[in-house]
Amino acid sequence: MTSKRSNLAIYWHPACERHNIPSHPEQPGRVVSILQSLRENFPDASFRESRRATDEQILNAHHPDLLQSLKRMFAEANEKRDADETVFVNIDSDTVIMHGTEEAVYRAAGAAVQAVDDLFASTAAAEDAPSSPVDVAFCCVRPPGHHAEPSRSMGFCFANNTVIAAEHARIKYGVERVAILDFDVHHGNGTNEYARLLFLHYEQQRQQQTAGRSDEAAKPAASVFAGGFGAKKLQKSTHDFDQFAEILQSHRRYHRRCHPSADDAPRPLYPLFYASTHEREGYPGTGPEKPKEKRTEIDRFVVNRNI
């Protein structure tokens with residue numbers, strides 16, 4: 001018997017409101033106001049409290065040393081809380097831990113994992129998924145994640161929720177291609193670093209598989225998008241999905257030029273499309289590593305430095 005699919009599921013957890021650093025720009029009010037608007041505008045959606053991510057799921061995207069470091073700081077903040085004292089543990093000036101941070105981090109990452117599970121819940125690989133399947137998933141969670149690199153928390157971000165979700169989809173469900181579209185004032189350096197490392201991994205595999213071969217089959221299938229190929233500059237004031245659609249189409253046209261016969265085309269070698277829109281310079285990880293005067297408009301608005 002097939003489960004009835006819900007059109008939209010919204011994932012949240014009250015723990016995401018308890019990570020609260022006074023006078024910090026990344027405040028609980030962000031998810032409170034968004035969740036209120038979602039309840040008003042999507043009353044028929046399925047609102048689901050998120051599960052807690054496991055350490056294994058976080059380690060799919062992060063180095064063990066990072067997780068151990070976070071756990072030590074979580075314990076320090078929680079220990080002081082047990083003594084009725086709130087303590088703030090600084091990773092850097094932007095990224096601060098208090099007693100509510102640990103649960104918020106695990107629930108935010110867990111929401112991303114749960115959303116993936118529910119999207120695949122009608123497949124055989126997801127028979128153990130406790131939730132009913134959905135068509136569209138939205139995670140209303142914090143702390144955010146796109147500045148968190150594999151070995152470094154920074155920029156308000158402790159764990160990279162999007163990368164954790166992408167890796168969960170690849171590892172558990174065998175997803176071969178993932179597209180990540182990143183909207184923010186600042187470039188998502190953490191997600192970009194994941195994309196770069198993933199590219200290097202597949203490039204190393206390709207070189208090992210094609211060592212000593214000179215035929216056409218040894219050439220890589222270029223399917224990691226780099227922000228060129230005729231893509232227009234994204235507008236500063238609006239994030240235009242039509243323009244992103246055009247970028248995706250230009251990427252598809254480029255791939256077809258490389259492999260004009262769809263029947264003969266090899267399966268894409270690199271499985272990630274990553275695009276980032278951002279406006280401000282001067283923040284860690286923002287924009288390509290080149291002098292500002294040499295940056296083009298496309299450098300500042302569509303960024304993928306993988307090839």
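These exercises work through a pocket, some salt bridges, the cysteines and a few backbone angles.

The model is predicted, so local features need pLDDT of at least 70, side-chain atom pairs count only at pLDDT 80 or more, and totals for chains, interfaces and linings use all residues. Residues are numbered from 1 along each chain as its sequence is written, and side-chain values use heavy atoms, with hydrogens and water left out.

**Exercise 1. The pocket**

Task: Describe the largest pocket by its volume, its lining residues and their classes.

Solution: 
- Start with the term. A pocket is an open set of points on a 1 Å grid over the protein atoms alone, where a 1.4 Å probe fits, with protein on both sides within 12 Å along at least five of seven lines.
- Take the volume, which is the space filled by probe spheres set on the points, with grid points joined across faces, edges and corners. The largest pocket has about 1700 Å³.
- Now the lining, meaning residues with an atom within 4 Å of a point. It holds 47 residues, and Cys139, Thr162, Leu181, Asp182 and Phe183 lie nearest the centre of the pocket.
- Find the elements. Two or more lining residues come from each of helix 1 (29-41), helix 4 (101-119), strand 5 (134-139), helix 5 (161-173) and strand 6 (178-183). Helices (H or I, at least four residues) and strands (E, at least two) are DSSP runs, numbered from the N terminus.
- Sort by class. The lining has 30 nonpolar, nine polar and eight charged residues. Here Ala, Val, Leu, Ile, Met, Phe, Trp, Tyr, Cys and Pro are nonpolar, Asp, Glu, Lys and Arg are charged, and the others, Gly among them, are polar.

**Exercise 2. Salt bridges**

Task: How many salt bridges does a search of the whole structure find, and which parts does the pair of arginine 48 and aspartate 118 tie together?

Solution: 
- Set the cut-off. A salt bridge is a side-chain nitrogen of Lys or Arg within 4 Å of a carboxyl oxygen of Asp or Glu.
- Read the count. The search of the whole structure gives 10 salt bridges.
- Take one pair. Arginine 48 bridges to aspartate 118, with the closest N and O atoms 2.8 Å apart. Arginine 48 is in strand 2 (residues 46-49) and aspartate 118 in helix 4, so the pair ties together parts 70 residues apart in sequence.
- Check exposure. Buried means under 20% relative accessible area, exposed over 50%, partly exposed in between (1.4 Å probe, protein chains only). Arginine 48 and aspartate 118 are both buried.
- Compare a second pair. Glutamate 102 and arginine 52 meet at 3.7 Å, N to O. Glutamate 102 sits in helix 4 and arginine 52 in the loop between strand 2 and helix 2 (55-59), 50 residues apart. Glutamate 102 is partly exposed at 22%, and arginine 52 is partly exposed at 36%.
- Arginine 170 and glutamate 167 form a salt bridge (2.8 Å, N to O). Both lie in helix 5, three residues apart, about one turn of the helix.

**Exercise 3. Cysteines**

Task: How many disulfides are found?

Solution: 
- A disulfide needs two cysteine sulfur atoms within 2.5 Å. The search finds zero.
- The nearest cysteine sulfur, that of cysteine 140, is 9.1 Å away.

**Exercise 4. Backbone angles**

Task: Which residues does a cis peptide bond join, and where is serine 23 found?

Solution: 
- The cis bond joins arginine 142 and proline 143, with omega about 5°. Proline 143 lies in the loop between strand 5 and helix 5.
- Serine 23 is in the loop between strand 1 (6-12) and helix 1. Its phi is near 60°, a positive value in a residue other than glycine. Serine 23 is exposed, at 80% relative accessibility.
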